[in-house]
Amino acid sequence: MAKILIVEDDLTFSQLLEGFFKKHQHEPTVVHNIKNAYRTLDQKEYDLLLVDYRLPDGTGLDILSYLNSQGLDLPLVIMTSFNDVRTAVKSIQQGASDYITKPVNPDELLMIVKNALEKDKEEDVAKISSDDDTIKGHSPSADKLYEHINLVAPTDMSVIIQGESGTGKEYAARALHKQSKRASKPFIAIDCGALSKDLAASELFGHIKGAFTGAISDKQGQFEAANGGTLFLDEVGNLSYEVQIKLLRALQERVVQPLGSTKSIPVNVRIIAATNDDLANSVANGSFREDLYHRINEFKIQLPPLRERGKDLELFIEHFVKLSNKELGRNVKHISEEAKTLLQQYDWPGNLRELKNVVKRMVLLSPTETAEVSALPDEMILAIRHTAPKPVGSDLKAINEANEKALIIETLVKVKYNKSQAAKLLNIDRKTLYSKMERYEIE
């Protein structure tokens, strides 16, 4: 049983969610705006938050920011409409556990909630490995990546790993650590984006009892915990300016000073930092110290986005299908040609993290050995249709046919392939709809 806080302004839908979770032995609490969500979080502890993206007094990202500012390490799942999927991906970049689109599929919702509750906070969900069985890509960009890792791993150079969210930055950092002389020592990962300004210094350097309100005992910092090994600072650009100063001192003098203490503790760690954005821009606008940037940027590794990795996509899909079959007790052996084409056409803004989630959902919704296009998220199909290339030239008939085909597909997706309802919305009869579907090769 999990205590779940539901933040949803649609009264009917929130009641349905409340009844659904009670039926599955969870303990839901419902509020309808951000203000009441804050008040409820102050009064009671929860295991998970299920938050609508668009709320009367803000967005789900406001609640995510509040959790980070209060140091509340709670899984948060964003609920969103088709049109807000890109924003949902952005919420994952900022620390949300996952997102789900409306209308909500019950099996998918249970899976997402289960995953969010069970997910180990120190494990990167974009990590593409199963135990020690790691799959590697074979594209030119992948070959260049592994070449750089092999080159710099045996050294003690500080490394910046730069890439979009979900490209596997922690996986690359762990690979660097495993191939280094420090492999037998600790690998400590810190999500700097989830640390509030007040908690970051304590997390990195530790504190002594009484150093600040709530410091009821001594705490060892992660620098000290990683002594002799590797410290991975994910989203390092989110550290406050004051913490950047302390971090620079720790790297230059190889000592840390816990908050409230006058004692300096010697440390020997290798720093690997990761960022979504180019830190050089942050240096230029004054939000990141230039001296710290040069200290941690002894070598830079650029991770390519999934859309630029060519046939590696097929390898990753096959790998995630195998993992999902094992985890969900399914036996998916094939992907239909239509579904495979859509997977290859999509631009994957959430990269490996998004691919893993989409494949897992597809396997969950495929009771047979073949995964069909109906198991793919509707918002993904709509995104592909909206970005499909339009016919060029002045062939009016071709342009009209392309637009008509796109409208029929979009309507079918909207009504879950109910052809009677689709025909009604399109203001045509079923016979005409079937004729057009056959003409445009819409399955």
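Mentor: We start with the crossing. Helix H13 passes helix H15 in a right-handed crossing. Keep in mind that this is a predicted model. H13 covers residues 312-328 and H15 covers residues 351-364. They pack at an angle of about 50°. Their axes lie 9 Å apart. Angles under 35 degrees count as roughly parallel, and 65 to 115 as roughly perpendicular. H13 and H15 are therefore oblique to each other.

Now the residues. On the H13 side, the contact is made by Leu313, Phe316, Ile317, Phe320, Val321, Ser324, Asn325, Glu327 and Leu328. H15 contributes Leu352, Leu355, Lys356, Val359, Lys360, Met362, Val363 and Leu364.

Five strands form an open sheet in the order S2-S1-S3-S6-S7, with parallel pairing. Strand S2 (27-31) and strand S7 (98-101) stand at the edges. Each has a single partner strand, so one side of each is left without a neighbour in the sheet. From one strand to the next, the twist averages 20°.

Strand S6 (residues 76-80) runs parallel to S7, and four bridges join them. Here Val77 stands opposite Asp98 in S7. A helix packs on this sheet too: H3, residues 60-69. H3 touches strand S1 (3-7), strand S3 (48-52) and S6. The direction of H3 makes about 150° with that of S3.

Terms used:
Residues are numbered from 1 along each chain as its sequence is written. This is a predicted model: local features need pLDDT of at least 70, side-chain atom pairs count only at pLDDT 80 or more; totals for chains, interfaces and linings use all residues. Side-chain values use heavy atoms; hydrogens and water are left out. Two strands pair if DSSP finds at least two bridges between them. Helices (H or I, at least four residues) and strands (E, at least two) are DSSP runs, numbered from the N terminus. Axes are lines fitted to C-alpha atoms, for helices over the stretch in contact, and angles run from 0 to 180 degrees between N-to-C directions. Contact means heavy atoms within 4.5 Å. Angles under 35 degrees count as roughly parallel, over 145 as roughly antiparallel, 65 to 115 as roughly perpendicular and the rest as oblique. A crossing is left-handed if the near helix is turned anticlockwise from the far one by less than a right angle, and right-handed if clockwise.
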